Structure formats: C-alpha cells, structure tokens
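Open the model in your viewer and keep the sequence panel beside it. The tour below goes from one selection to the next and says what is found at each stop.

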Amino acid sequence: MTEIVAITMPKWGLTMTEGKVLGWLKHEGDAVAANDELLEIETPKITNVMEAGETGTLRRIVAPEGAMLPIGGLLAVLAPVEIAEADIEAFVANFVLPEATEGGAGESDVPAPQDVTVGDHRLRYLELGSSEGPPIVFIHGFGADLSTWMFNQPALAERHRTISLDLPGHGGSTKMLEGASIGMFTGDLDLFLGALGVDRVHLVGHSMGGAIAMALADRQPERVASLTLIASAGLGAEINAAFIGGFVKMERRRDAQEVLRLLVHEPELVGRTMVEDVLRYKRLDRVTAALSHIVAEWFPDGRQRVRFELAQMTMPIQIIWGRADRIIPAAHAEALQGRVKVHILDNAGHLPQMEKAAEVNHLIAGFVAS
C-alpha cells in the first residue's frame, strides 16, 4: 500500500441509503490487514461488521461512534505510517461524497432486480458479478426474500457471477400458489436456471431454501457443483412450530418484533425496517394463503416432513449453522460432523449469513473455489 485509502460507508442491499457507526473495533494507529474487522454498522434491517479491504495503518477515524453517514460517506483513512499528517488532513478536507442519485448515493451502481416467467409463476431475481465458472445461486427460506443475502451476494459478486431469487409466494414473485410441495419449488428452480441459461451451479440455500437446494442436487446431481446449506431444513424433524405459526399469523408490530427476534442471537439486531418490510409483505394479497399452504405441506403437526440423506449425494457439501439457532436446532448439523464439512458459528442464531456475514462469506468463497 503506497497511498491514502478512503474507508467509506458500504451499500448493503438494494434499499440501504445510510448507516450508523455503532462502534470501532480498531483504533487510530492500529495496523490493519485485509479482511480485519473494522467497525460495526447499523443498517435499517440489521447490524453488520465491516471488514477492511486493504492493508495499512488506520491513520484517522473520521466518523465517531453514533455518526450517521450516507452511502459513500467517509468513515476513516488508511495510509502508510510515512505519509505526513498534513497529507491526511488535506485528504479528509478534500474528500467529496460520491454524487447522489435518485434513491441514494451509489444507487446507479446496483442493478435492479429483474423478472422472468417460468411455467405459471413470475419470479423476481437479482444478478450481480460475472465469472466463467458456475454461478453461485442463493435460495432464501420461509417468509424471506432475496434481501436475505444483502451482506453476502455483493461481496461474493466481486469474483463470481451470483444470482438470488424470490421463491414463489415470496418477495416480488408470484403470490398465487396452487400447491406448495418441494417438487413444485424444485421444478420452478430448474425452469428458472434454464431460463437464465445456467447449466451448472453452486447452490447456497438457507432454511427452507436449503431443502430446495438438496432436492435439486438429489434430482440432478450433475448440475450442482457444490452445496452450501445454512441452517437448513430437511436434515431433521424438529422445527420451532411457534415461530412458523407466529410468522403466518402476525399482523401488528409488537407481534412481528417478538417473532422476528427469534431469528437472531441478539434480539436488538432486528431493525425497524426489517419489521416494517415483513409486515408490508404480509399485508399483500394472497401472501397469508401462500404461507399457509407451505406450512401445511412442509411442517404438518409442527414437524418437518421433508428429509434428505446427504450420504447419497456426491458433490462437495458444507453446512453452516448458528449455535444459538432457535428455529432449527444446531444438533441437526452436529449429527453430520465427520461426514461433511460442518461449521457451527458462535453468537449466531438462524441467520448466520446476516449475523456473521464476513465469516459466512469466507466459508462460501473458499468452498466454491476449492
């Protein structure tokens, strides 16, 4: 590193326009290596840790704890120790915020989601990045949408073609479901990949999305280059039926907060926007009916109906789980240790891809590259 580098407020997700500095994990004068954790940032949805992209010395912290900055705002400065303080001062004084566009600074850099029709369903999807090898395809869980991957897809898109989608009944995709079997979801995923001209994929599935990923891997193993299962359904019978039922029934903010806080290790991580977004989704026409169909098909009597045996699958498989998961017990992953790669993350619940985004991104990046 031979020059001054600006550390700026990142853009995580399509709708983020600003972030709040919760606390610095490094101090002025500290040596910083690439991928070191620098600071905690509160986004409208959930708190996340920002990592360093460069190696150097943290010469100046510009945004103190509690500061609210727009996307692209100057957080701090990295520079070699031999660069004069006057040069650091001049850099900070002359820093110009990236030109704001409609929807927030840097919005033009983020492609908008697109729609594609497969069979009887219209699916919304987001594609980022490019690569010659198989793309990484992200599949979210019950009641979620492609924003589940807001901390993961942009990071992995730096070196890979990445695709996330809203499953039928979720997000911006078709809400009308005549059936909700795993066969229906897997069939739509198959058609979706075909519509995008994708022959082979690295599948990353969370919760219910993990079971859908396993179903495609079981049905068409030649198409799946690797399988990453995050707090996945389909590996045991137990599931938090109170959460599932509460999610379907919730209508008020207080109820939604109680239900959504079950998803994470630290309840205060759940932001106001996450609650509002989920309630807004729940109020859409046909959403409650779609979710009820899924519950009846997937979780009858408060148990998981869908089950898979990983021993029958030949592609590389890794499992990532939060030790404090209160939706699907980490014991489902622990039972598979020694047979596949299993990573149990401390201080994480059912959303390790958001709670421990940097660690999960490293695990996925290393796995798909191996």
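Is arginine 223 buried or exposed? Select it first: arginine 223 has a relative accessibility of 11% and counts as buried, because the cut-off for buried is under 20%. Keep in mind throughout that this is a predicted model.

Aspartate 190 and arginine 223 form a salt bridge, and their closest N and O atoms are 2.4 Å apart. Colour helix H3 (residues 182-195) to see where aspartate 190 sits; arginine 223 belongs to the loop between helix H4 (208-219) and strand S16 (224-230), so the pair ties together parts that are 33 residues apart in sequence.

Next, select helix H7 (residues 272-282). Arginine 280 and aspartate 277 both lie in this helix, three residues apart, which is about one turn of the helix. These two side chains also form a salt bridge, with 2.8 Å between the closest N and O atoms. Arginine 280 is partly exposed, with a relative accessible area of 48%, and aspartate 277 is partly exposed as well, at 23%.

From there, select Arg59, Arg60, Glu85 and Glu89. Salt bridges that share partners join these four residues into one network.

Then go to aspartate 115 and arginine 122. Their side chains meet in a salt bridge, with an N to O distance of 3.9 Å. Aspartate 115 is partly exposed, with a relative accessible area of 48%; arginine 122 counts as partly exposed at 34%. In total, the structure holds 14 salt bridges, and the pairs at aspartate 115, aspartate 190 and aspartate 277 are among them.

Which residues are closest to the centre of the second largest pocket? Select Glu37, Glu40, Val49, Glu355 and Lys356: of the 17 residues that line this pocket, these are the closest to its centre. The volume of the second largest pocket is about 360 Å³.

To see what surrounds this pocket, colour strand S4 (37-42), strand S5 (47-51) and helix H11 (357-369), the elements that give two or more residues to its lining. Colouring the lining by class gives seven charged, five polar and five nonpolar residues.

Terms used. Residues are numbered from 1 along each chain as its sequence is written. This is a predicted model: local features need pLDDT of at least 70, side-chain atom pairs count only at pLDDT 80 or more; totals for chains, interfaces and linings use all residues. Side-chain values use heavy atoms; hydrogens and water are left out. On a 1 Å grid over the protein atoms alone, a cavity is a set of points where a 1.4 Å probe fits but cannot get out, and a pocket is an open set with protein on both sides within 12 Å along at least five of seven lines; lining residues have an atom within 4 Å of a point. Grid points are joined across faces, edges and corners, and a volume is the space filled by probe spheres set on the points. Helices (H or I, at least four residues) and strands (E, at least two) are DSSP runs, numbered from the N terminus. Ala, Val, Leu, Ile, Met, Phe, Trp, Tyr, Cys and Pro count as nonpolar, Asp, Glu, Lys and Arg as charged, and the others, Gly among them, as polar. Buried means under 20% relative accessible area, exposed over 50%, partly exposed in between (1.4 Å probe, protein chains only).
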